[in-house]
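Dear colleague,

Here is the structure we spoke about handing over. Please keep it open while you read the notes below it.

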Amino acid sequence: MTLTLLCSGCASWVAPPDVLSPHPIVNLPIAAAGVMDERQAFAALFEQELQAHPGPKPQALAAWLHGIDEQAPRKPDDLDAVNRRFAAQAPATAVLLVPGLFADCFEDQSVPFGDGLVRERGLNRNEAYRQYADLGLAGIRSIAVAGRESSEANALRVAEAIRQEAARPEVKRIVLLAYSKGVPDSLRALALLQSQKGLPAALTDLVSVAGVVMGTRLADHFEGMFESLSTRIDPFGCSASDGREVSSVTQRESVAWLVAHPPPAELRYHSVVGFAQSSEIGISLRPFNAALNNIDPRNDGQLLSRDAILPGSSLLAEARADHWDIALPRERHPSSLMRASTSERGYPREALFRSLIKWVLAAEPGAHSPK
């Protein structure tokens with residue numbers, strides 16, 4: 001998700017405090033908030049994937065993750081068990097990815113966790129994930145959501161994609177991995193499925209990556225300006241706007257929706273958040289990072305990390321990345337202008353994706369972490 005298209009001169013803007021709401025919001029340590037801290041154990045798996053699939057800029061683990069004790073002892077036997085359980089689950093598991101705001105504007109190149117190659121529009125939803133063929137999954141694809149429509153509208157698309165995947169006889173398990181605005185789209189899809197025939201039994205996990213869970217204060221601030229312009233412009237060949245896409249990620253709507261619709265208890269939830277120092281934020285996101293720093297320096301240029309954690313989830317990682325780098329391969333874009341707008345750090349998102357899928361599938365049913 002990005003609001004960069006709205007404002008190029010916002011460096012001096014000061015973000016507002018928490019949006020006034022009839023629903024009280026509290027800040028608690030994650031344990032007190034019912035969130036499991038799995039960062040250290042997950043980091044060992046992430047390190048394993050970094051070593052197995054080194055990127056163009058191999059660096060120490062601390063270059064990519066916050067809050068990790070690199071001196072903590074590793075447990076190879078535990079990782080072997082994770083890999084064995086993953087291998088047993090993978091052939092019957094499908095992974096569905098839910099993109100964020102403006103997703104279809106750039107889907108010829110930049111789908112979440114894709115390979116970054118340029119293809120005809122729509123092909124990347126499947127073909128950009130060929131790099132993960134060795135995982136042996138029953139399928140990986142990105143759901144075709146509308147990049148400029150409300151979460152309510154996209155929930156219909158996400159729910160239908162889940163139903164279609166559950167109908168495949170070879171698929172016994174479905175993992176939903178949502179990025180940015182894909183998270184509220186997915187949460188609404190779960191509520192929709194629950195209100196109809198119920199959640200498919202195959203659907204077991206929702207993984208949020210830089211997810212708009214509690215909304216972003218940027219959306220509350222820019223909502224009026226955006227919605228007065230959005231239906232009049234058609235940038236980058238995006239789908240038409242319904243005028244409600246930014247409202248879906250305001251803190252005002254996000255908090256109220258979560259109060260009324262707790263995530264279904266049948267699923268397990270996992271969260272990955274991002275934040276970085278200003279020098280590691282892409283230039284297009286730096287004005288927003290500077291504004292959000294007035295509230296909390298733990299932000300990715302679009303979201304405060306504390307607003308991106310799913311209720312009742314396990315916190316798997318605090319990525320040292322901005323909102324784009326964590327999931328989108330835009331530093332590989334053929335346009336030098338697009339590449340220059342990123343941090344150009346080359347975040348190892350493929351290793352992150354592999355680690356996330358292995359972690360989720362290795363966990364025993366009903367458990368947060370692989371034991």
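Predicted model: local features only at pLDDT ≥ 70, side-chain atom pairs only at ≥ 80, totals over all residues.

Overall picture

The protein has 10 helices and 7 strands. Of its 371 residues, 60% are buried. Counting contacts between residues at least 6 apart in sequence, 77% join residues at least 24 apart.

H1 and H10

Helix H1 covers residues 39-52 and helix H10 covers residues 349-362; their axes come within 9 Å and cross at roughly 130°. The crossing of H1 past H10 is right-handed. On the H1 side the contact is made by Ala41, Phe42, Leu45, Phe46, Gln48, Glu49 and Leu50. On the H10 side it is made by Ala351, Leu352, Arg354, Ser355, Leu356, Lys358 and Trp359. Sorted by class, the contact of H1 with H10 holds 9 nonpolar, 2 polar and 3 charged residues.

H10 itself is mostly covered, with 14 of its 14 residues buried. The length of H10 also checks out: at 1.5 Å a residue its 14 residues should span 20 Å, and the end C-alpha atoms are 20 Å apart, which agrees.

Arg354

Is Arg354 buried or exposed? Its relative accessible area is 5%, and buried means under 20%, so Arg354 is buried. Leaving aside neighbours within four places in sequence, Arg354 is in contact with Glu49, His53, Gln131, Tyr132, Asp134 and Leu135. Glu49 is also listed among the H1 residues that make the contact with H10. Tyr132 is 222 residues away from Arg354 along the chain, yet their C-alpha atoms are separated by 7.9 Å.

H5 and H7

The second pair is helix H5 (residues 182-195) and helix H7 (residues 251-260), whose axes come within 12 Å and cross at roughly 30°. Angles under 35 degrees count as roughly parallel, and that makes H5 roughly parallel to H7. H5 passes H7 in a left-handed crossing. From H5, Leu187, Arg188 and Ala191 take part, and they meet Glu253, Trp257 and Leu258 of H7. The contact of H5 with H7 is made up of 4 nonpolar, no polar and 2 charged residues.

Two residues with positive phi

As background, most residues other than glycine have a negative phi. Which values do Phe113 and Glu344 take? Phi of Phe113 is near 65°, and phi of Glu344 is near 60°. Each is a positive value in a residue other than glycine.

Phe113 sits in the loop between strand E2 (93-98) and helix H3 (124-127). With a relative accessible area of 0%, Phe113 is buried. Glu344 sits in the loop between helix H9 (336-340) and H10. Glu344 has a relative accessible area of 44% and is partly exposed.

Regards

Notes:
Residues numbered from 1 in each chain as written. Heavy atoms only, no water. Axes fitted to C-alpha atoms, helices over the stretch in contact; angles between N-to-C directions. Helix = DSSP H or I, 4+ residues; strand = E, 2+ residues; numbered from the N terminus. Left-handed = near helix turned anticlockwise from the far one by under 90°. Contact = heavy atoms within 4.5 Å. Nonpolar A, V, L, I, M, F, W, Y, C, P; charged D, E, K, R; others polar. Parallel < 35°, antiparallel > 145°, perpendicular 65-115°, else oblique. Expected span 1.5 Å × (residues − 1). Buried < 20%, exposed > 50% of the residue type's maximum accessible area, 1.4 Å probe, protein only.
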